[in-house]
Amino acid sequence: MIFPFVWRVLPGPTALKVIELLVLLAVVVFALFTWVFPFVAADILPPPDGTVDTSATPTP
């Protein structure tokens, strides 16, 4: 498993390891939402089509 390996590799006492793991988790989530998910969504999802009708005129 990856978690025991990461736990052994991180330096410091237990409290510092917990903080380091939280920072690593935040970096991974940030990277996923910034680069990975938009890249995958661009390939899977169709492009958004416009739904605003600009030909209709408002009534006074």
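Trainee: Leaving aside neighbours within four places in sequence, which residues is L32 in contact with?
Mentor: This is a predicted model, where local features need pLDDT of at least 70, side-chain atom pairs count only at pLDDT 80 or more, and totals for chains, interfaces and linings use all residues. Residues are numbered from 1 along each chain as its sequence is written, and side-chain values use heavy atoms, with hydrogens and water left out. Contact means heavy atoms within 4.5 Å. With neighbours within four places set aside, L32 touches F37 and P38.

Trainee: Which helix is L32 found in?
Mentor: The protein has 2 helices and 0 strands, taken as DSSP runs numbered from the N terminus (helices: H or I, at least four residues; strands: E, at least two). L32 sits within residues 14–44, and that is helix α2.

Trainee: Why does L32 count as partly exposed?
Mentor: Buried means under 20% relative accessible area and exposed over 50%, with partly exposed in between (1.4 Å probe, protein chains only). L32 is partly exposed because its relative accessible area is 30%.

Trainee: What is the angle between the planes of F30 and W35?
Mentor: The structure holds 3 aromatic pairs. Rings of Phe, Tyr and Trp (its six-membered ring) pair if their centres lie within 6.5 Å, and planes under 30 degrees apart are stacked, over 60 edge-to-face, the rest tilted. F30 and W35 are 6.0 Å centre to centre and edge-to-face, with the planes at 85°.
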